[in-house]
Amino acid sequence: MKELQSFLEQHKKELIAVVNNAGINPEGDKMTETFRKGEELKNILAEPSIGSRVFETNVIGVGRVTKACLPYLAKEGRIVNIGSYFGSVAGATKLDHCYYEASKFALEGMTDNMRRSLRKEGIKVALVKPGNILTDMNEDYGESTTREVAVDIEHAITSSNPKTRYYPGKVKGYQSRFVCTLYEMLPTWMSDKL
């Protein structure tokens, strides 16, 4: 952070945005390996040490970076957190993906807290909830390009009226927004059957 502070002071610049994009999904890696072998998921919860690593990166890491950057963020600056449609959809991939999904639910709450808490300071906070994006982390199931995510991040940073949530990409052929809204709006007894 000293380097960031020095850079901003030296160039007489303000930090206009923080994009929290770090994330790990070791459970997803194991699932991909299982499917590539032609095997089925075993519905087994990963070791707690895996859960700790996932939360340390996907949730605590967002808090750590945001806390470090807030003193340098310009008035009316932006914070953009990259979540996942798994922040609305839990259990579709059984216990094998539980910690990752839980971390994305936690990021939803964290983002809502930041948005409401920082409003008076003029800082706007948005959550981007991509669908299955074609990346190194999702080579086998990617349906959409990183460009779709980048467009939404750019809008969240540059728009005078950014959305609170963005839903780029698709999930099994459906728009991410549709899938997330479906799981969020249906009664639990119905969404549990999906």
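Helices (H or I, at least four residues) and strands (E, at least two) are DSSP runs, numbered from the N terminus. This is a predicted model, so to speak: local features need pLDDT of at least 70, side-chain atom pairs count only at pLDDT 80 or more, and totals for chains, interfaces and linings use all residues. Residues are numbered from 1 along each chain as its sequence is written, and side-chain values use heavy atoms, with hydrogens and water left out.

View 1. Look for Asn-20, which stands opposite Asn-81 in strand 2.

**View 2. The largest pocket has a volume of about 1200 Å³.** A pocket is an open set of points on a 1 Å grid over the protein atoms alone, where a 1.4 Å probe fits, with protein on both sides within 12 Å along at least five of seven lines; lining residues have an atom within 4 Å of a point. Volume is the space filled by probe spheres set on the points, which are joined across faces, edges and corners. Of its 42 lining residues, Tyr-85, Phe-86, Gly-131, Asn-132 and Asn-138 are the closest to the centre.

**View 3. The second largest pocket comes in at about 320 Å³.** Its 17 lining residues include Lys-30, Met-31, Thr-34, Ile-44 and Asp-96, the closest to its centre. Helix 2 gives the largest share of this lining, six residues.

Definitions and conventions
Pairing = 2+ DSSP bridges.
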